[in-house]
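Could you have your viewer ready and take a short walk with me? We will go from one selection to the next, and I will tell you what is there.

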Amino acid sequence: DKNTLDGAVSIVTGGGGDIGGGIATELAAAGSDVVIADVDILETEYNQKSSAEIGGATRARELVDRIESEDQRAHVVDCDVTKADQIDAMVDEVIDEFSRIDILVNNAGVITATPVEEMAEAEWETVMDVNAKGMFLAARAAIPHLRESKGTIINTASIAGEIGAAGLAHYCASKHAVLGLTKSLSLELAPDVTVNAICPGIVETPMWEDVLTPEIGESYDETIDRAIPMGRDQTPEDMGRLAVFFAENRNVTGQSVVVDGG
Ligand code: NAD
């Protein structure tokens, strides 16, 4: 059987993380070459502990070793999505090595939990820069290549892109921004490029372990039981399968799909 994404080239930012790793794995399983853009050391104190301890680019290299096969290539580029020069260099490197870009997955993101009254300006800026500006910068750099390939942009937003949450004003603002960017870009880029967003519900990652579970003050399992009608958390593979769906469907654009078990 021919895989649906054979010959495609994907970029996944933050692909060293759990959700990005699941998306990269599913895109590769559907036949795509995969480039992961991630960083080992963030120049900020506002990042979840685990990502800082085990660098994203290092984890991405381990993932790439697992998904590379004889037919498909996988590659890691060290790239901070908040830096336009690094994004532009990353896109140039992908074109040099792979000649095309079909799928851009803007997935890199960070979270902290702080009430607005106590929030430092730099904390607001870091979350907005990584989660919102990073997606703009990567889209801007990749658009000419995506127009050429009739490709797709997939942005990882969140249910925090649709609802508010106390203690997460900066994060919710950044994810609402992702959905605004998604809708607007889908209009700008039609009919060449489709643009959609994935809104994950609860995926067990460092975001939960380090930030959200301590903030909510109940165990992770208690949160799942209380908050999710389907009674189960979501997986990186769930997000990856939706990404493959978006990549395969030229008639779906400007949409966000919530994958949160109800
Ligand atoms: P994660 O910490 O496992 O992954 C995030 C990755 O982004 C890490 O590898 C990190 O190194 C990378 N990253 C951070 N800043 C970066 C930068 N400036 N440049 C490049 N890479 C950078 O967390 P995750 O849960 O897999 O998060 C992935 C996305 O999913 C994020 O956008 C997050 O907001 C979103 N999300 C997660 C959940 C959840 O329940 N885990 C729910 C909704 C949305």
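Here is a tour of the sheet and some of the helices around it. This is a predicted model, in which local features need pLDDT of at least 70, side-chain atom pairs count only at pLDDT 80 or more, and totals for chains, interfaces and linings use all residues. Residues are numbered from 1 along each chain as its sequence is written.

**The sheet.** Start with the strands (DSSP runs of E, at least two residues, numbered from the N terminus). Seven of them form an open, parallel sheet in the order 3-2-1-4-5-6-7; two strands pair if DSSP finds at least two bridges between them. Select 74-78 and 256-259: these are strand 3 and strand 7, the edge strands, each pairing on one side only.

Click Asp38, and look for its bridge partner Asp78 in strand 3.

**Helix 6.** Next, select residues 169-189. This helix (a DSSP run of H or I, at least four residues) lies across strand 5, strand 6 (194-200) and strand 7.

**Helix 9.** Finish at residues 236-248. At 1.5 Å times one less than its number of residues, this 13-residue helix should span 18 Å, and its end C-alpha atoms are 19 Å apart, which agrees. Which residues of helix 9 are buried? Among them are Pro236, Met239, Leu242 and Phe246; buried means that 20 or more other C-beta atoms, placed from the backbone, lie within 10 Å of the residue's own. Their cover includes helix 1 (18-29) and strand 4.

Terms used. Contact = placed C-beta atoms within 7 Å. Axes fitted to C-alpha atoms, helices over the stretch in contact; angles between N-to-C directions. Buried ≥ 20, exposed ≤ 12 C-beta atoms within 10 Å, placed from the backbone.
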